[in-house]
Amino acid sequence: MIDALASATDTEVAAAAALAGAQVVRARYGRLHSRIDKGAGDFATDADLAAEEAILGVIRAARPGDAVHGEEGGRQGVAGAEREWLVDPLCGTLNYATGSQLVAVNVVLRNGPAAVADPFSGEVFLADGETARVRSGVPGEERPLAPTADTRLVDVNLDPPFPSAPGFRAVDLLAHPGFVENFRPRVVSSTLALAWVAAGRRAAYVTDGGDLRGSVHFAAGIALCRAAGCVVTGVDGGPVGPGGRGLVAAADAGTHELLVSMIGGRGRTG
């Protein structure tokens, strides 16, 4: 497999790496996990570490000249490498540690292809920069991603930090009269929700934060949503990038416009 990946596309390398991490996450599910405290209530488990090592093993073998930035291990690889992979081996660690299966494995080449794997459905969501598709656990079964707001479900990240407060608070958005008239809230607490926006299973995803383009948590999901044709901006409607504020990824322009208008209105009165 590794020999074949050496000549594979970056998209296939991302997919293989994400699936390698997902296999570890799935195999260790339900165990009593050791925890590594990160402070402020955050932690990693032995599954996070093992999944990251599995992912790094694939990338190192397939792309030995590239650097890798993992959530747990930081930046590794060739010093000064022009290409860098961003790896979140287990997005939704608290979910996982408490027995929930709402987690994702994120792998993305910075400014390049991305893969988001769901360890429990067996799906891997892929973006090659121009198109987005999902590959199921059934060999050979693959289909394009088609975002739609039909579900009216909006996933909102309520985890800290909250750098945009008091101008923007996610909990205030949920209390906005226009929100409850048009949408129904969900809190997955994993960037698996971004893949679901691209796949039409969520109408939108909203989170606070700074410049999330280079985040190991969000970069793969952002790439996936953009390739699928979603509308992706900061919470203020501006570009996601330097000086940006958080993220609104919506299935269509109407949903995006409505959410940003609610956020803006809340910001002026909050």
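This is a predicted model: local features need pLDDT of at least 70, side-chain atom pairs count only at pLDDT 80 or more; totals for chains, interfaces and linings use all residues.
Visitor: What kind of peptide bond joins Pro 160 and Pro 161?
Guide: Most peptide bonds are trans. Look at omega between Pro 160 and Pro 161: about 5°. That bond is cis.

Visitor: What is omega for the peptide bond from Ala 165 to Pro 166?
Guide: Pro 166 also sits in the loop between S11 and H5. The bond from Ala 165 to Pro 166 is cis. Its omega is near 5°.

Visitor: Is Asn 111 buried or exposed?
Guide: Asn 111 belongs to the loop between strand S6 (104-109) and strand S7 (114-117). Exposed means over 50% relative accessible area. Asn 111 has 82%, so the class is exposed.

Visitor: What is phi of Asn 111?
Guide: Most residues other than glycine have a negative phi. Asn 111 is not a glycine, yet its phi is positive. The value is near 60°.

Visitor: Which class of accessibility does Ser 189 fall in?
Guide: Ser 189 is in the loop between strand S12 (184-186) and helix H7 (192-199). Its phi is positive, about 60°, although Ser 189 is not a glycine. Buried needs under 20% and exposed needs over 50%. Ser 189 has 27% relative accessibility, so it counts as partly exposed.

Visitor: Is Thr 93 buried or exposed?
Guide: Set aside residues up to four places away in sequence, and Thr 93 touches Phe 43, Ala 44, Thr 45 and Asp 48. The cut-off for buried is under 20%. Thr 93 has a relative accessible area of 11%, so it is buried.

Visitor: What is the relative accessibility of Met 262?
Guide: Met 262 lies in helix H9, residues 253-269. Beyond neighbours within four places in sequence, its contacts are Leu 173, His 176, Gly 178, Phe 179, Asn 182 and Phe 183. Met 262 counts as buried because its relative accessibility is 3%.

Visitor: How far apart in space are Met 262 and Thr 131?
Guide: In sequence, 131 residues separate Met 262 and Thr 131. In space, take C-alpha to C-alpha. The distance is 30 Å.

Visitor: How many helices and strands are in the protein chain, and what is its radius of gyration?
Guide: The chain holds nine helices and 15 strands. The globule rule gives 18 Å for 270 residues, and the chain comes close to that, so it is as compact as a globular protein of that length. Its radius of gyration is 18 Å.

Visitor: What share of the residues in the protein chain is buried?
Guide: The C-alpha trace spans about 55 × 40 × 40 Å along its principal axes. The chain exposes about 11400 Å², with 53% of that from carbon and sulfur atoms. Of the 270 residues, the buried share is 53%.

Visitor: How many Å apart are the mean positions of the positive and negative charges?
Guide: The chain has 24 positive and 31 negative charges. Take the mean position of each set.

Note on methods: Residues are numbered from 1 along each chain as its sequence is written. Side-chain values use heavy atoms; hydrogens and water are left out. Helices (H or I, at least four residues) and strands (E, at least two) are DSSP runs, numbered from the N terminus. The radius of gyration is taken over C-alpha atoms; the globule rule is 2.2 Å times the number of residues to the power 0.38. Buried means under 20% relative accessible area, exposed over 50%, partly exposed in between (1.4 Å probe, protein chains only). Accessible areas come from the Shrake-Rupley method with a 1.4 Å probe; for residues, only the protein chains shown count as cover. Lys and Arg count as positive and Asp and Glu as negative; His and the chain ends are not counted. The place of a charge is taken as NZ of Lys, CZ of Arg, CG of Asp or CD of Glu. Contact means heavy atoms within 4.5 Å.
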